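Dear colleague,

I am handing over the structure we spoke of, and my notes on what was found in it follow directly below. Please read them with the structure open.

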Amino acid sequence: MSRQQPAPVVELSRLTKRYPDVTAVDEIDLSIHEGELLTLLGPSGCGKTTTLRMIAGFDKPTDGVVRITGDAVTDTAPYNRDTGMVFQQYALFPHMTVADNVAFGLEMEGVSDGEIDERVVDALSMVRLEGLGGRYPSELSGGQQQRVALARALVIEPSVLLLDEPLSNLDKKLREEMRLEILRLHRELDVTMVYVTHNQEEALTMSDRMAVMNDGHIHQVGSPEEVYQRPSDEFVADFIGNANLLPGTVADTDDDRYVVDLDAGTQVTLDRSTAEVADVRPNTSLMLLFRPERFHISQDGANAANTLEGTVQEVTYLGSRMDYFVDVDGHELHVIQQNIAGDRTSEPGDRVTLSFDADSPFAIPQGGR
Ligand SMILES: Nc1ncnc2c1ncn2[C@@H]1O[C@H](COP(=O)(O)OP(=O)(O)O)[C@@H](O)[C@H]1O
Ligand SMILES: [Mg+2]
């Protein structure tokens with residue numbers, strides 16, 4: 001192994017948390033690099049909060065190791081871990097002023113009073129709450145309270161900032177504003193962040209990398225593009241974006257191409273590059289993922305190598321685009337077309353041809369976790 005690479009800021013090895021009735025986190029391995037914003041994305045109950053709380057030290061792992069900047073901290077108290085945490089419910093001390101809330105971590109560290117005052121003022125200005133240090137949390141809006149929570153976590157200059165669904169208690173407009181605010185802080189302070197969310201749009205727009213979780217397992221870690229375009233399995237394909245999944249069996253392969261007999265009755269020929277994660281040998285079963293925007297829909301047939309024939313079930317006009325649901329041999333496929341002048345709109349009942357490029361579907365293994 002190369003010794004040139006700096007240690008990851010956070011390193012989880014076979015990290016596990018078992019409760020009597022459920023394994024909340026099941027032997028996960030994950031490295032978070034300096035300066036990156038990594039999201040933990042997955043449905044409610046998949047183990048995101050438990051993972052974050054084990055990194056912070058609020059929950060003790062059943063098994064496995066947490067390392068922060070190279071040191072095993074599994075037995076280290078939360079306030080000695082060099083982490084800052086922002087909770088979904090803000091968790092401010094209601095009987096303390098904003099300034100005292102922000103000062104709390106510094107007092108735990110025994111920083112001098114003069115320095116505390118200075119750093120609190122700086123932290124409040126960082127989150128644009130100058131002059132509000134004397135207020136109590138109840139005198140602030142939800143968005144302002146979440147900014148105090150951010151200032152409180154950042155003031156100790158942690159190696160990693162942990163955020164647990166920090167936007168989920170805010171209304172839509174504030175959520176958008178705070179999302180940009182967190183990205184700005186990430187950029188300006190260069191602080192490593194682990195950001196938990198169940199919201200795929202939040203994860204796609206914010207992440208350097210995302211770790212997609214389900215049932216206590218990490219299914220895939222990658223950039224938003226990788227995870228969207230080249231999902232590792234059916235769960236990831238389906239959880240991120242809209243997925244049309246058609247089962248088939250490999251009929252033939254060569255160095256550049258492979259041929260799949262779809263269960264829907266059509267044969268398609270695809271680029272080898274679309275089969276990074278699936279095994280493509282004759283007779284292997286696989287799933288082909290078609291993203292809705294990668295189809296072209298037409299009524300007069302299509303002069304294309306790869307086509308599917310179907311019947312339009314439903315059409316929705318969305319201004320800049322149309323959404324179609326097309327029945328292809330019993331599979332209802334979602335198709336998105338941009339509205340471009342001159343294109344004819346198909347109607348329910350129309351027979352249509354869906355064409356696609358040889359590099360546009362993506363092959364994933366059938367079944368799996
Ligand atoms: N203190 C606890 N005692 C028992 N089960 C728990 C506890 N905390 C979490 N769980 C269970 O662990 C699983 C993962 O929970 P959690 O990490 O909160 O998920 P997420 O944050 O992804 O919604 C869930 O099934 C949850 O019910
Ligand atoms: Mg949670």
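Two strands pair if DSSP finds at least two bridges between them, and helices (H or I, at least four residues) and strands (E, at least two) are DSSP runs numbered from the N terminus. This is a predicted model, in which local features need pLDDT of at least 70, side-chain atom pairs count only at pLDDT 80 or more, and totals for chains, interfaces and linings use all residues. Residues are numbered from 1 along each chain as its sequence is written, chains are lettered from A and ligands numbered from 1 in the order in which they are written, and side-chain values use heavy atoms, with hydrogens and water left out.

Strand β16 (residues 307-317) pairs with strand β17 (residues 321-328) in the antiparallel sense over 6 bridges, and Glu-314 has Phe-325 of β17 as its bridge partner. The hairpin of β16 and β17 has 3 residues between the strands, and Gly-319 in its turn has a positive phi of about 80 degrees.

β17 also pairs with strand β18 (residues 331-338), again in the antiparallel sense, over 8 bridges, and the bridge partner of Val-328 in β18 is His-331. The hairpin of β17 and β18 has 2 residues between the strands, where Asp-329 takes a positive phi near 50 degrees.

Elsewhere, strand β1 (residues 10-18) and strand β2 (residues 23-32) are paired in the antiparallel sense over 6 bridges; Leu-12 has Leu-30 in β2 as its bridge partner, and a hairpin of 4 residues joins β1 to β2.

Kind regards
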